[in-house]
Amino acid sequence: MRSIFYKTNTWLLLFGLFVLALILAGTPSFAQGTADEALISDPRNAFEVSYANAEDAVNQALTEKGVGDKVSATINGHKSKPIFVYNKPTTVEIRGLKFDSQNGHWEGSLVFIADGDVVSALPASGHFDEMVEVAVLKHEVRSGDIIRDSDVEIRDFSLNHTRTDTITDLSGLIGKSPVRSISPFRPIRAEEVVNPAIVKKDALVQMRYTLPGMEITTTGQAITGGAKGDVIGVRNVTSKKIVRAVIEDSETVNILAVGDEHAQN
């Protein structure tokens, strides 16, 4: 009889502990660390802070400290899952930020804030790059083709991956022609493009020579092709004399006076 009594009490105790566990499991928990530690019992009440959110906070802080107009920071150990989860809307800030512009290293504390209060903090570090906007081609463009507005877009690149002669503006590409084929989505140097030829070799053009109060025109033949503003040799079809002239348009060249060495665009 006593044995039955003990067994009954034991089962009642176990059942009570089981009910208590169920009650506690239904109580919302508060995140106090990384996403691994900050588990929310009801996913519908979870508010996530991603690694990208935290990196944006670092980017903003670095920009405000004068690192550059645009910065791209990464957190060591970046993961696809949230860096922090809480049961209220949460924002993230970086505090105690230290950085080294030469090696691109940063460190500080990620602070998570809900309802104006700090609910958790996490030490973090990583690397960053100063970014610049660069005009690139969307697809390969070959020598002789003219680059058009629809061929070009702007992308962000690390400043370390560009050069002093890298073309940054759309205007530096649109209307130009590649010297050699250019592959897409990479920085382009100024020497890789030229103004497109509008006068072809052996084309007939109007040679124009201007003096104060007088203008002389005659027909000539281009010795070489060239773009607007280029200086080329032109043969007078009547006298066979070759002169230097600057290309005005596809049909007209302006003869340079003797001694002139540079054309004016």
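Contact is taken here to mean heavy atoms within 4.5 Å. The structure is a predicted model, in which local features need pLDDT of at least 70 and side-chain atom pairs count only at pLDDT 80 or more, whereas totals for chains, interfaces and linings use all residues. Residues are numbered from 1 along each chain as its sequence is written, and side-chain values use heavy atoms, with hydrogens and water left out.

By the contact criterion, and not counting residues up to four places away in sequence, T217 touches Q206, M207 and R208. The C-alpha atoms of T217 and Q206 are separated by 6.5 Å, although the two residues stand 11 residues apart along the chain. T217 lies in strand β12, where helices (H or I, at least four residues) and strands (E, at least two) are DSSP runs numbered from the N terminus. With a relative accessibility of 47%, T217 counts as partly exposed, since buried denotes under 20% relative accessible area, exposed over 50%, and partly exposed the range in between (1.4 Å probe, protein chains only).

Strand β12 also belongs to a closed barrel of 5 strands, which runs β11-β12-β14-β15-β16 with mixed pairing. Neighbouring strands of this sheet are turned by 50° against each other on average, direction ignored; the axes behind this angle are lines fitted to C-alpha atoms, and angles run from 0 to 180 degrees between N-to-C directions. Two strands are said to pair if DSSP finds at least two bridges between them. Strands of a sheet pair through backbone hydrogen bonds, either parallel or antiparallel. Strand β11 (residues 204-211) is joined to β12 by 8 bridges, and the two run antiparallel; L204 has Q221 of β12 as its bridge partner. These two strands form a hairpin with 2 residues between them, and G213 in the turn has a positive phi of about 80°. Strand β12 (residues 214-222) pairs with strand β14 (residues 231-236) in the antiparallel sense as well, over 3 bridges. On the β14 side, N236 is the bridge partner of G220, and R235 is the bridge partner of Q221.

A further part of the model is organised around a nonpolar core, a term used for a set of buried Ala, Val, Leu, Ile, Met, Phe, Trp, Tyr and Cys residues joined through side-chain atoms within 4.5 Å. The largest such core has 25 residues, and those with the most contacts inside it are L62, I83, W106, L110 and F112. Two or more residues each are given to this core by α2 (51-64), β2 (71-75), β3 (84-86), β4 (91-100), β5 (105-114) and β6 (117-137), and the largest share, 6 residues, comes from α2. In soluble globular proteins, nonpolar side chains tend to be buried together. The buried residues of α2 are Y51, A54, E55, A57, V58, N59, A61 and L62, and what covers them includes β1 (47-49), β2, β4, β5 and β6. The helix is followed by G66, whose phi is positive, near 85°.

The structure holds 9 salt bridges, each defined as a side-chain nitrogen of Lys or Arg within 4 Å of a carboxyl oxygen of Asp or Glu. One of them joins K70 to E133, with the closest N and O atoms 3.3 Å apart, and this pair links distant parts of the chain, as K70 lies in the loop between α2 and β2 and E133 in strand β6, 63 residues apart. K70 counts as partly exposed at 30% relative accessibility, and E133 is likewise partly exposed at 46%. K70 and E133 are linked with D156 in a network of salt bridges. In another salt bridge, the side chains of R155 and E153 meet at 2.7 Å, N to O; R155 is partly exposed, with a relative accessible area of 37%, and E153 is partly exposed at 23% relative accessibility. E191 forms a salt bridge with R189, for which the closest N and O atoms are 3.2 Å apart. Here E191 counts as exposed at 55% relative accessibility, whereas R189 counts as partly exposed at 24%.
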